[in-house]
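Visitor: I am new to this structure. Please take me through some of its parts, one question at a time.

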Amino acid sequence: MPAAKTKLLKSLLLGLTALLIIMLLSAYLLLRASLPKLDGEQALPGLSQTVDVMRDAGGMAVFTAHSRQDLAHAVGFVHSQERFFQMDLLRRNSAGELSGLFGAAALKRDKEIRLHRFRDRAQLALQTMPAQHREVIEAYTHGVNQGLEALAARSFEYYLLGAEPEPWQPSDTMLALYSMYLDLQHHDGRRDLSLTLMKSYLPEDLYAFLHPPGSQWDAPIDGSILATNPLPTSGWPTSQNKELVMLDDRPEDRTIGSNNWAVGGALSPYQAGILADDMHLGLRVPNIWFKAQFNWQQDGQQHQVTGVTLPGTPLMVVGSNGKLAWGFTNSYGDWSDLIRLKLNENGDQYLTPAGYQPFTFVSQQIDIKGAPTETIQVKETIWGPVVSEDEDGNPLALRWVAHDQQGANMSLIGLELAHTVEQGADVGNTMGIPAQNLMMADSQGNIGWTIAGPMPVRFGFDSRYIADWSDGSAGWSGYLESNDYPRVINPANHRLWTANARVVGGQMYDKIGDGGYALGARNQQIRDDLFAKDSFNEQDLLDIQLDNRAVFLTPWHDFMLKTVLPASQHPQKALVIEALQNWTASAAEDDLGYLLVRQFRLNLRDKVFQDLNRLMQAHSPRFNFNAVRNQMEAPLWLMVSQQPQNLLPSDYDSWTELFNAALTDSLAKLDKDFGDWRTLTWGQFNAVDIRHPMSAFVPLLGELTDMPKRPLAGDSFMPRVAQSSSGASQRLVVAPGHEDKAIFHMPSSQAGHPLSPYFGVGHEAWRSGQPTGLLPQATRYQLRLIPGE
């Protein structure tokens, strides 16, 4: 090559290299410019007095203020600087405004959510709440927008999306709350619709068998027993639909829920009660919670509360104030109903107790990035919006607590000042949140459980199914008064526990209803762990949170060894037997046998219920197996154990053939996904996969933002709920008054910025289960927020 050309090529390469370096350096500097301010002073107009914000090496924020309003102002500033993009997603999710950021890809979801008009409801909730609560929200809003303005550059997500962050509004805080409704409750009545389809098109004895009131796994705190139903004489009705459909659209059998329990002072070393709480959610970077300590003055007294906040709100969601500790699990009670409408001949009016009435139509404009704005019409009734239709095309309206003023308020703030379990329960019974199991322990040794959230009062119908409210004989008559709420305080055995399953029976159960309780296996294992000892410290309760023994899958393990494998002709049969014989009876990182049993059960379940799914889908594509599946474990086990010919799925000539097909398919699926099942372990299959919400769409972003993909112990049906991208969003064990001995875990980290000095700090302790503290450690960063002009 001539020297001149060589020189030119070298110059071009050097130029490109220099350009690349400049681009990377510019991106790095821009990224650094969006880091939150950790030290020094910052003037905030609107503050009445100085607020100190100190952070430790893990980024935990400690706020010291002279009033609750100033505290909220400072919390808003810090939340905004650390987590604004996360907050933006929360408000957009419930407002149906994701298309404004992500374009047409989010339009279908936005249209679905706009039916609930949560932005309008948030405005109304703000207008009707007590003035002191509104003042806290307004102070928080000022802080959020000042924090956003104080950043030298907007966060990297907005650069990647080519968007500008929009200012926070007071109503956005209520939208963050409504986003939790969408996470924790069905917003479309899918369970009522699916149960109604089953009840309508299955023989009575078959439906009763598939929808039992209870099972052998139940473990309510009051010991109430609800029996399973016997095998039916009826079989699967025939269906012309022969299409194979996966029953579980989340194929790893993920369950979102939570655990909490408490032991009374008689069982603790302090004479104080001890609370354990781990809330289970989908996990991503950053984590949903933000760890903090609040210190402020109110009514002439100094107050302190430590725990986790939800960015987007100024509230301490879970924590301890030195006198009372509290935590939540999703209740899975029945908080919504589907109503079948009767139309007039023209179809433009629906029948009500007052006669036919016209529908109300509310226009909703949806801004779409890169496309023209779309306008949709929300069709509403006196009971709620029209959300779907039944199999005959009749419109269905949704009555949901989230639509009412009782559904959203700031009453949770009252827990910050409650000192006893009784006071905490009084606060809980007035909260406007997605109804939760509120678990409490106080410094005097008391423990208690109640429902926190609005509870509707029904009349005239079975709330599990679609009903007709047109003649006034069925409906809601209002909401339960606080003094009528279910409560259990200081049981004789000094123990309380919940895990998304049925908590109580009798009249208390009747008030709560069944909105899709989890199978009681996790609940039962926690109960048994609590009764295995007569005294507990914090480590003992953390050990229960980390209990990954395979109690639920042990019968399935034995079934495979004694029934399935002896009749199998699979060429790798001996290797499967060896793996099962060597299993640890736990969802341990290095266990292959656990993985094989788990995947076999899932594959077999899908095949056993394939005829049910085909039949229901033939009547309505809206049938949702996931919404009704939790209690089907009891009938599934009876079927595979007793192998009744009338319930043999139509694709198979014998139960043995079915079992062999499930084994073959589960092994083949593992080979397809991982290469060779023999080299796998449960921890590898279940490896951490906690990502930033944008990393899947931006090449190489995950290298900067995502958590390390390392083996993970735990699974669905045990206290240590842990799957690749869902599980314990925090773990807390605390005795109020003894917070210095408390234990706390949180995945991902406190930081929302990948260049933050504490990005990823604490994640490994969460993954491995190593105990870390709740209280802040030595101060590493100190920021003073001062009143400004």
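Guide: Helices and strands here are DSSP runs numbered from the N terminus, a helix (H or I) having at least four residues and a strand (E) at least two. The model itself is predicted.

Visitor: Where is H494 placed?
Guide: Phi of H494 is near 65 degrees, a positive value in a residue other than glycine. Most residues other than glycine have a negative phi. As for its place, H494 is in the loop between strand 21 (487–489) and strand 22 (495–498).

Visitor: Is H494 buried, partly exposed or exposed?
Guide: Buried means under 20% relative accessible area and exposed means over 50%, with partly exposed in between. The relative accessible area of H494 is 32%, so H494 is partly exposed.

Visitor: Where does Q643 lie?
Guide: Phi of Q643 is also positive, near 50 degrees, and Q643 is not glycine. With a relative accessible area of 29%, Q643 is partly exposed. Its position is the loop between helix 19 (633–642) and helix 20.

Visitor: Is the peptide bond from V285 to P286 cis or trans?
Guide: P286 is found in the loop between strand 5 and strand 6 (290–298). Most peptide bonds are trans. For the bond from V285 to P286, omega is near -5 degrees, and the bond is cis.

Visitor: Which are the edge strands of the open sheet of three strands?
Guide: The order in this sheet is 10-16-15, and the pairing is antiparallel. An edge strand pairs on one side only.

Visitor: Which residue stands opposite L338?
Guide: Strand 10 and strand 16 (residues 395–400) run antiparallel and are joined by five bridges. In strand 16, the residue opposite L338 is L398.

Visitor: What volume does the largest cavity have?
Guide: Rolling a probe the size of a water molecule over the atoms shows where empty space is left. Nine cavities of 30 Å³ or more are found in the structure. The largest cavity has a volume of about 380 Å³.

Visitor: Which element gives the largest share of the lining of the largest cavity?
Guide: The lining has 26 residues, and L177, M180, V317, L412 and I433 lie nearest the centre of the cavity. Helix 8 (170–184), strand 5 (274–282) and strand 9 (324–330) are the elements that give two or more residues to it. The largest share is five residues, and its source is helix 8.

Visitor: How many charged residues does the lining of the largest cavity have?
Guide: Asp, Glu, Lys and Arg count as charged. By class, 17 residues of this lining are nonpolar and nine are polar; the number of charged residues is none.

Visitor: How many charged residues are in the lining of the second largest cavity?
Guide: About 220 Å³ of space lies in this cavity. Its lining has 25 residues, of which E82, F84, F85, S155 and E157 are the closest to its centre. Twelve of the lining residues are nonpolar and eight polar, while the number of charged ones is five.

Visitor: Which element provides the largest share of the lining of the second largest cavity?
Guide: Helix 2 (68–95) and helix 7 (156–161) each supply at least two residues to this lining. The largest share, eight residues, comes from helix 2.

Visitor: How many aromatic pairs does a search of the whole structure find?
Guide: Ring pairs can also join into a cluster, as they do for Y350, F359, W383, F461, W469, W476 and Y479. For the whole structure, the number of aromatic pairs is 29.

Visitor: How far apart in sequence are the parts that F552 and F717 tie together?
Guide: The ring centres of F552 and F717 are 4.3 Å apart and the planes are at 35 degrees, so the pair is tilted. Both F552 and F717 are buried. F552 is in the loop between helix 14 (538–545) and helix 15 (554–564) and F717 in the loop between helix 22 (701–705) and strand 23 (722–723), so the pair ties together parts separated in sequence by 165 residues.

Visitor: In which helix do W655 and F659 both lie?
Guide: The rings of W655 and F659 have centres 6.0 Å apart and planes at 45 degrees, so this pair is tilted. W655 and F659 are both buried. They are four residues apart, about one turn of the helix, and that helix is helix 20.

Technical notes
Residues are numbered from 1 along each chain as its sequence is written. This is a predicted model: local features need pLDDT of at least 70, side-chain atom pairs count only at pLDDT 80 or more; totals for chains, interfaces and linings use all residues. Side-chain values use heavy atoms; hydrogens and water are left out. Two strands pair if DSSP finds at least two bridges between them. On a 1 Å grid over the protein atoms alone, a cavity is a set of points where a 1.4 Å probe fits but cannot get out, and a pocket is an open set with protein on both sides within 12 Å along at least five of seven lines; lining residues have an atom within 4 Å of a point. Grid points are joined across faces, edges and corners, and a volume is the space filled by probe spheres set on the points. Rings of Phe, Tyr and Trp (its six-membered ring) pair if their centres lie within 6.5 Å; planes under 30 degrees apart count as stacked, over 60 as edge-to-face and the rest as tilted. Buried means under 20% relative accessible area, exposed over 50%, partly exposed in between (1.4 Å probe, protein chains only).
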